[in-house]
Amino acid sequence: AMKTLTIVRHAKSSWKDPSLKDRDRPLNGRGERDAPEMGRRIAQAGIRPSLIISSPAKRAWTTAKIIAREISYPQEFLQREDDLYLASVDGILDVLVAQDTRFNSIMLFGHNPGMTDFVNYLVPGLTDNLPTCGVVSYSFNRDDWSLYERPEGQLDFHDYPKKQRDQGQ
């Protein structure tokens, strides 16, 4: 069956309050603007996840909630996954393999450097940095979510808040 995996790095977060634990840092103003904008672009691209899983860190969870709203994904189905907090590629693969094979489209929200490393695992050489609120969607033909061997597939979507500007559009 065709499976789609969409990777989202959390939107830009605030360092204003140095007393906050890393997990508790909120989005900053730009993050709060970027997240709904990227949600609209994801919706326009026709990406419809059957499951959304997020790191529990406030900056990732808030990004997931905002984007879920923009793509009409029910908030009560959002899942927190502790193992996505600052996860490496191996950690992300371990989270994925545990998911029900009946889900054909999964969206993950997490952190750098793991998110950049993971999109380069799927699409070698794709980017030296997945920016905040950057999104990569990749589809491949598999019956399960065991991606320890890189699945042959195609890059469907690669976007981030400043992309139009970077390309001079």
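Which residue is the bridge partner of I7 in β4? I looked it up and found L108.

**Basis.** I am working from a predicted model, in which local features need pLDDT of at least 70, side-chain atom pairs count only at pLDDT 80 or more, and totals for chains, interfaces and linings use all residues. Residues are numbered from 1 along each chain as its sequence is written, and side-chain values use heavy atoms, with hydrogens and water left out. I take helices (H or I, at least four residues) and strands (E, at least two) as DSSP runs, numbered from the N terminus.

**Sheet.** I traced an open, mixed sheet of six strands in the order β3-β2-β4-β1-β5-β6. Its edge strands, β3 (79-80) and β6 (153-159), each pair on one side only. Pairing here requires that DSSP finds at least two bridges between two strands.

**Strand β1.** I then followed β1 (residues 2-9) to its neighbours. It runs parallel to β4 (residues 105-110), and six bridges join the two. I checked the cover of β1 and found seven of its eight residues buried; buried means under 20% relative accessible area, exposed over 50%, and partly exposed in between (1.4 Å probe, protein chains only).

**Helix α4 on the sheet.** I found α4 (residues 114-122) lying across β1, β4 and β5 (135-141), at about 150 degrees to β1. Axes are lines fitted to C-alpha atoms, for helices over the stretch in contact, and angles run from 0 to 180 degrees between N-to-C directions. The buried residues of α4 are G114, M115, T116, F118, V119 and L122. Their cover includes β1, α3 (89-97), β4 and β5.

**Helices α3 and α4.** Which residues of α3 are buried? I listed V89, G91, I92, L93, V95 and L96. They pack against β1, β2 (51-54), β4 and α4. The axes of α3 and α4 come within 8 Å and cross at roughly 70 degrees, so the two helices are roughly perpendicular to each other. The classes of angle are under 35 degrees for roughly parallel, over 145 for roughly antiparallel, 65 to 115 for roughly perpendicular, and oblique for the rest. V89, I92, L93 and L96 of α3 make the contact with G114, D117, F118 and Y121 of α4, where contact means heavy atoms within 4.5 Å. I sorted these residues by class into six nonpolar, one polar and one charged. Ala, Val, Leu, Ile, Met, Phe, Trp, Tyr, Cys and Pro count as nonpolar, Asp, Glu, Lys and Arg as charged, and the others, Gly among them, as polar.

**Helices α1 and α2.** I read an angle of about 45 degrees between α1 (residues 29-44) and α2 (residues 58-70), with their axes 8 Å apart. They are therefore oblique to each other. The contact takes in A35, P36, M38, G39, R40, I42 and A43 of α1, and T63, I66, I67 and E70 of α2. By class I have seven nonpolar, two polar and two charged.

**T101.** Where is T101 placed? I located T101 in the loop between α3 and β4. T101 is partly exposed because its relative accessible area is 40%. Not counting residues up to four places away in sequence, T101 touches K3, D143, D144 and W145.
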